[in-house]
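Have the picture ready as you read.

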Amino acid sequence: MLEGASSRQWPSHSQVDRSSSLQPSSFPIVGVGASAGGLDAFKQLLRHVAIDTGLAFVLIQHLAPEHQSFLAQLLGRITEMPVCEVTDGIEIAPNCVYTIPPNTTMKLVGRVLHLSPRERTRSGYMPVDRFFESIAAECGRMGIGVVLSGTDGDGAVGLAAIKAAGGMTFAQDLPSAQFRGMPEHAAQTGRVDVILPPHEIATQLNEIGQQWQLDRSSKLEDRRSPPPVRQQSPPDAQPVIMASSEPLNPLSQIFELLRKHTGVNFASYKHATLKRRMQRRMAQQNVTRVEDYLTYLDGNAAEITALYQDFLIDVTSFFRDPEVFQSLIARVLPQIAQQHSQLAPIRIWIAGCATGEEVYSLAICLLEVLDGIVPQPPIQIFATDLNSQAIETARAGIYQRSAVAHVSPERLRRFFVSSGDDYQISKSVRELCVFARHNLCSDPPFSRLDLISCRNVLIYFGATLQQQVMHNLHYGLNPDGFLLLGTSETTNAAPGLFAPIDKKHKIYAKKLSFVLPSLDLPLGGDLTQTTNQQLPIITRPATELQLKQIADDLVLQRYSPAGLIVNSNLDIVEFRGNTSPYLQPAPGKSSLKLLKMVQVDLRSALRTAIHQAKKLERSF
C-alpha cells in the first residue's frame, strides 16, 4: 500500500447491508469513465459525493496495460467510502467505490463484476463503452453514466445505451475538463441529461441517492401498512352513485400539454416507462411532485420540448444484435431478392429508424445479397421516425468513429467514406433511403412492402396501441412479406396475423389469413377514448374467394401500370407498380413530396393532371 493511503478494511456484504439497510440487488449503480486528466476529475467528484447515498460507484479509466495501477489507493485518500480495485467475480455493494484493473475489459452481470482480457477495436481501447452498455442491460432505469475528462470518444456510445434504458446520463463541462475529447463526444450525441463540473455532478448524484432512498422507504412503509378494512354494506343497501369532482390527474394533463405542443398523443404509451423518463427531467429541475412539474411545464415551451425529446426513443447502432442480421441474410433477403424482377422494386420500411444506423445496416446487407444477382431489382427503403432531429442526423449519414467500431473493415471500405474523425455513409447507399417524419400510431402505413423492421418500438406502447400498430404493419406487407421485431417483442398483441420464421430472432412472415378490419380504433386521432377497449380480431383460414383476391393482388402489384396515391398536400401515400422510371429521390433533404420526386420533364403534365383530377373529382 502506498504511504498515506487509506487503511480501512474492505467491508463484507453483510456489514454493508446492516449499516445501510440496502440489499445489493436493489440499488443504483454509477459508472464513471475517464482517460487523460481522469485522476483529477475522479478526485473532484468523490470529494463531494456523500458517503451514504446508497449508490455504488464503478470507475473506469484508460490505464497503461503494462503498469500496476494505484488508482484505488490514491482515491482512498479522498473519500471515506471503501475503495478497491476489482477482482473477477466481485459482487458490488452500495456506498462503495470500485476501480478497473489495468489491461482488462469489465462488464456487469447482475450485481457481479466480471473481468476479461483487454479488447481493442478500430476505434481503440473502449472499456467505458463496454461497461456502460452492461449497466444499461443490467440496471435499466437504475443505471447512471458519467463521462469525465479524456482524449478520445470512449463512453459516448455506452452513455446513449444507458439513456435508452431509462437511466441518467452526465458529462463534464468542457471548461472544467483537462482534456475535452470524451465529454465533447458524449455531448454531441444529444443523449446527455446534465453537463456540469465534477463537483456539481456529485451534488446531483447526492440528490438522486436521497430521492431514491426516500422512494424506497416509502414503498417499504406501504408494504408494512395493514390493508384497509372493508366495511360491509347491509344486504338490502342500494348502491350510491356520486358524481366525481376529482380533476384530471397530472400525468394526463402533461400528456395533453405534449399533444397540443407536438401533435403527438402519448396517452396510449406505457405509462411506467414515460414516468421514469419524466422523473429524470423532474430531477434536473429539482422538482419532486408531478403536480409541481405540471405547473412548471405550463407555459414553458422549452421544457415541454425537452420532455418530448426524452420521451422519444432515438438510440440504435450499426448491426445491433449481429445474429439478427445474419438470419436476415441467410433466410429472408435472398428470398425477397428472388421474388423480384429487374422492374419490380424491393420495398423496405424501417419504422422508428432513430438516427439511421439500422436503416443503413439493412441497406448494406441487401446490397451484399444482391451482389450475385444480374440484373438487380431497384431498391426503395423508407425510414421514418417521430423525432425530427434524429431524422436530420439519419439523412446526413455522418457518424462518429466510435459508432462504427464494430463495422467490419470490408464494409467500412465499401460503404463508408472517412471524413476526419467521422465516417459518412457513401452516396450510393444514402440515395436508396428516403427519411421522413411519421407517426406510427396515427399516420397511414406504407404499403406493398417486402420487409418491415419495427424493432424496439412496440415495447413502449400499451396493449391496445400495440394491437392497432400490428394490424397496420400486417396491412402494409405484401402477401409474402416479412416482419422484424425487437428481441423483447412478439406478435402476441395480434394473434393470427404472422407466422414465425425465426422465433429466436423475431422474424415473422405475413399469414394468408382473413382479418376483419377494426372499426373501434381509427388509424389516427385521439386514442384516449379507446385505451380500455379490446379490438376484435377474427381470424380463420383463407377461403377460395380470399385466395383468389390474394392472387389478384399479386398480379396487380407486379403487372399493373405504375401509379400513386397522394393526399391533399401532394405527399405520396402509396406507390403502385414500378414507379422508378418516373420518380427518384431529389438531392438534398429527403421528401415524399410528389413534385420533388417526379422527373423534371414530367412535372408540367403532372400538374395539369392533378388540377384536372381536383376539378373533376376523379383519378387520373
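## Aromatic pairs

The structure holds 13 aromatic pairs; rings of Phe, Tyr and Trp (its six-membered ring) pair if their centres lie within 6.5 Å. A pair of aromatic rings is described by the distance of the centres and the angle of the planes. Planes under 30 degrees apart count as stacked, over 60 as edge-to-face and the rest as tilted.

Phe266 and Phe311 form an edge-to-face pair, with 5.1 Å from centre to centre and 75° between the planes. Phe266 sits in the loop between helix H8 (250-262) and H9, while Phe311 is in helix H11, so this pair links distant parts of the chain, 45 residues apart. Phe266 counts as buried because its relative accessibility is 0%, and Phe311 counts as buried at 2%. Buried here means under 20% relative accessible area, exposed over 50%, and partly exposed in between (1.4 Å probe, protein chains only).

## A second pair and a cluster

Tyr269 lies in the loop between H8 and H9 and Phe461 in the loop between strand S17 (449-454) and helix H17 (463-476), so the pair ties together parts that are 192 residues apart in sequence. Tyr269 is buried, with a relative accessible area of 10%, and Phe461 is buried at 3%.

Elsewhere, ring pairs link Phe318, Tyr360, Tyr399, Phe416, Tyr423 and Phe435 into a cluster.

Helix H9 (residues 271-284) and helix H11 (residues 301-311) have axes 9 Å apart and pack at an angle of about 135°. Axes are lines fitted to C-alpha atoms, for helices over the stretch in contact, and angles run from 0 to 180 degrees between N-to-C directions. H9 and H11 are therefore oblique to each other (under 35 degrees is roughly parallel, over 145 roughly antiparallel, 65 to 115 roughly perpendicular, and the rest oblique).

From H9, Leu274, Arg277, Met278, Arg280 and Arg281 meet Glu303, Ala306, Leu307, Asp310 and Phe311 of H11, where contact means heavy atoms within 4.5 Å.

## The whole chain

The chain has 20 helices and 24 strands, which are DSSP runs (H or I, at least four residues; E, at least two) numbered from the N terminus. Of its 620 residues, 51% count as buried.

## About the model

This is a predicted model, where local features need pLDDT of at least 70, side-chain atom pairs count only at pLDDT 80 or more, and totals for chains, interfaces and linings use all residues. Residues are numbered from 1 along each chain as its sequence is written, and side-chain values use heavy atoms, leaving out hydrogens and water.
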